[in-house]
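Here are some quick notes to read with the model open beside you. Take the points one at a time and find each piece as you go.

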Amino acid sequence: MQTQQLDVHEQPSDVALADTAISRLRQLSMKLAMAQLDIEVFDAMQPLEDDWRALERDNLQSLHQSYDWCAAWVSAFQRPLAILKATHAGQTVFILPVEIVKSRGLRMAKFIAADHSNINTGLFAESFAEAGRTIAPHEFAGQLRHALKGRADLLLLQNIPLEWRGRESPLAGLPMVQNQNHAYQLPFLPAFEDTLKQLNAKNRRKKFRVQSKRFEAAGGFEYVIPETSAEQHGLLDIFFRLKSARFASLGLPDVFADRETQTFLHGLIDKQDDTRQYFGLQMHMLRLKGEHEGKIAAISGISRKGDHIICQFGAIDEELVPDTSPGEFLYWQTISGLHGKGVALFDFGLGDQTYKRSWAPVETAHYDVVLPVSPFGVVAGAAHRIVTHGKAHIKARPKLYKFAQGIRARIG
């Protein structure tokens, strides 16, 4: 009689069995929690303020879902809201700040201020976010559909990283399509010189020296962050004029031209709280000396939440010192000046541009949740996927992208 010997390497260890058991218990726990999840829909922000501000304290929640950012947008645009708040065992576990955007009869539930957001995460309690990978996607999607039924045809949550700074998004299991745009980040190390070593530091410093000499030859410059609210607002208006001229020269529509967008951005300037390292929008500039005394060569607007800085926009006066690359020179001043001030990440935001790649060693793919709520939403969701895939195909091919931009410019 033969006996069969088992290879101990083929047998699961006690540790592996324990890990499997813990994983299954977590999945079961989350399924039970999802079954007990209560999702309410709110048409105003104010009743949620306390819970909202409590959730946004988490450093990994996006600035763009912060209460003050969304409040500035809602005040300017006055669109109907359908904010989703979920509770479990009496505790708020997430808030999805969405508004209803209507287009050709379609009602889309989108993140508030989605058109001017560089990264979106939603607002999740840390315990819920950490358990994200165990959430049952089908049940989660069904609950969101049920909550939005009659209010929206399509839930379209755009520009979501599947993983952000080591945390997986609880939204990752929902129906998604990869967005055509990626975002670009520069991690901060303890000293500016250490941060530069992530890039081509030698070439970067050489370029900076050349730029500095050209500025000095033109009479010099000063890097300024206006201290008063009035100066900040005035600089934002100058940005609008510079950007309008730039868009006109390219034959492109001005995305900052409408009154609501300008009101929104002006509103962000006054949203700041030093105790939690937060400001909605802060304007920076390079101001010239010498023959161009007082004229502004470059402007940028940045936002901060915790240790995360986001560059929202920038503009240059193309008629002044063009050989100095003033926009990129301004980034050097800003980035070097932020070292030692508790910043861990400088985010250049969405869009593939040469200057971003030269500064940012980290590239983050973004995704869109595309969740139909009604039959009309099924058709619209399929169209969004097709259009997004098409844009991604074009952007991945430089010659085709340049051709597409030329057509866009000609048709305005």
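1. Start with H8 and H9: their crossing is right-handed. Keep in mind that this is a predicted model. H8 covers residues 229–250 and H9 covers residues 259–269, and their axes come within 10 Å, crossing at roughly 150°. Angles over 145 degrees count as roughly antiparallel, so that is what H8 is to H9.

2. Now look at who touches whom in that pair. On the H8 side you'll find Gln232, His233, Leu236, Asp237 and Phe240, while H9 brings Gln262, Leu265, His266 and Ile269. Sort the residues of this contact by class and you get 4 nonpolar, 4 polar and 1 charged.

3. The H7–H10 crossing is left-handed.

4. What meets what between H7 and H10? From H7 come Arg204, Arg205, Lys207, Phe208, Gln211, Ser212 and Phe215; from H10 come Pro326, Glu328, Phe329, Trp332 and Gln333. The class count for the H7 and H10 contact is 5 nonpolar, 3 polar and 4 charged.

5. Finally, move to the strands. S4 (residues 98–103) and S5 (residues 106–111) run antiparallel, joined by 6 bridges. S4 and S5 form a hairpin, with 2 residues between the strands. Check Arg104 in the turn too: its phi is positive, at about 50°.

Notes: Residues are numbered from 1 along each chain as its sequence is written. This is a predicted model: local features need pLDDT of at least 70, side-chain atom pairs count only at pLDDT 80 or more; totals for chains, interfaces and linings use all residues. Side-chain values use heavy atoms; hydrogens and water are left out. Two strands pair if DSSP finds at least two bridges between them. Helices (H or I, at least four residues) and strands (E, at least two) are DSSP runs, numbered from the N terminus. A crossing is left-handed if the near helix is turned anticlockwise from the far one by less than a right angle, and right-handed if clockwise. Contact means heavy atoms within 4.5 Å. Ala, Val, Leu, Ile, Met, Phe, Trp, Tyr, Cys and Pro count as nonpolar, Asp, Glu, Lys and Arg as charged, and the others, Gly among them, as polar. Axes are lines fitted to C-alpha atoms, for helices over the stretch in contact, and angles run from 0 to 180 degrees between N-to-C directions. Angles under 35 degrees count as roughly parallel, over 145 as roughly antiparallel, 65 to 115 as roughly perpendicular and the rest as oblique.
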